[in-house]
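Dear colleague,

I am passing on the structure below, together with an account of what was found in it. Please read the text alongside the coordinates.

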Amino acid sequence: MTTAAAGRNNRAAGLVVKPLMRVWFRLRVDGADHLPASGPVILAANHRSNVDPVLLATAVRLPVFFMAKAELFVGPLGSILDWIGQFPVRRGGLDRDALRQTDEVLARGGVLGLFPEGTRGEGRFATVHEGLGYIVLRQRCPVLPVALLGSERVRRRGGWLPFASPVRVVVGPPLDLPDPGGGRTGRRAATETLRRTLEQFVRQAEASSARKERSIDKLIQL
């Protein structure tokens with residue numbers, strides 16, 4: 001399927017899913033003015049919940065294309081992911097086919113959503129997957145940091161419906177990316193610089209969110 005066709009499918013699905021997600025999770029987006037009117041652009045987000053891709057896509061007006069672990073591309077779910085333009089990545093090494101598809105998305109002016117940590121966790125960028133970090137660093141387009149706050153509370157054990165817990169999405173200005181240089185050593189150093197930059201952004205977003213919540217609590221108590 002072409003990127004253009006997948007983009008149309010992605011947009012059509014969003015017409016149904018995005019309004020529901022905004023209401024269900026009382027989604028708030030800070031820094032929306034940093035989002036461009038068109039691509040190419042990369043959204044580099046932290047990862048705390050399996051609903052993070054849907055939350056991130058809901059926060060953005062344009063269709064967002066994501067990598068997803070190859071194990072998900074089986075059965076009906078795999079067909080749906082393919083239909084909306086998501087593509088598989090094999091973890092554990094450098095997946096050249098995934099690299100090619102990221103190049104294609106961005107060459108067509110698309111929005112690429114990435115979770116550089118590579119897996120769900122605390123979402124504070126304690127680590128960055130070297131291969132995903134390389135994808136971010138090698139592209140010559142704006143890279144916006146994104147902090148998903150509160151998505152860890154929507155996970156639910158047993159049952160399929162997530163908790164209706166508030167989620168805040170914080171979008172930052174384009175990053176000043178380090179030059180990966182030549183060779184593996186240069187890529188590792190640049191990836192570590194990227195990790196520290198994203199870690200600092202999430203910490204600042206969490207601190208700002210906590211201050212806002214305290215201010216709201218004080219107003220409620222008045």
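To begin with the strands: which residue in β5 is the bridge partner of valine 64? The partner is valine 111, and, before going further, please keep in mind that this is a predicted model. Strand β3, which covers residues 64–69, and strand β5, which covers residues 111–114, run parallel and are joined by three bridges. β3 also pairs in the parallel sense with strand β4 (residues 87–89), again over three bridges, and there methionine 67 stands opposite phenylalanine 87 of β4. Five of the six residues of β3 are buried, so this strand is largely enclosed by the rest of the structure.

Phenylalanine 66 deserves a separate paragraph. The count of aromatic pairs comes to one, and this pair is formed by the rings of phenylalanine 66 and phenylalanine 115, whose centres are 5.9 Å apart and whose planes meet at 10°; since planes under 30 degrees apart count as stacked, the pair is classed as stacked. Because phenylalanine 66 lies in strand β3 while phenylalanine 115 lies in the loop between β5 and α5 (130–138), the pair ties together parts that are 49 residues apart in sequence. As for burial, phenylalanine 66 has a relative accessible area of 6% and is therefore buried, and phenylalanine 115, with a relative accessible area of 10%, is buried as well.

A further contact that involves a ring is found at tyrosine 134, where arginine 187 lies over the face of the ring, at 5.4 Å from the ring centre.

Turning to the helices, α2 spans residues 52–59, and six of its eight residues are buried, so this helix is largely enclosed by the rest of the structure. The buried residues of α2 are Asp52, Leu55, Leu56, Ala57, Thr58 and Ala59.

With kind regards

Definitions and conventions
Residues numbered from 1 in each chain as written. Predicted model: local features only at pLDDT ≥ 70, side-chain atom pairs only at ≥ 80, totals over all residues. Heavy atoms only, no water. Buried < 20%, exposed > 50% of the residue type's maximum accessible area, 1.4 Å probe, protein only. Helix = DSSP H or I, 4+ residues; strand = E, 2+ residues; numbered from the N terminus. Pairing = 2+ DSSP bridges. Phe/Tyr/Trp six-rings, centres within 6.5 Å; stacked < 30°, edge-to-face > 60°. Lys NZ or Arg CZ within 6 Å of the ring centre and 35° of its normal.
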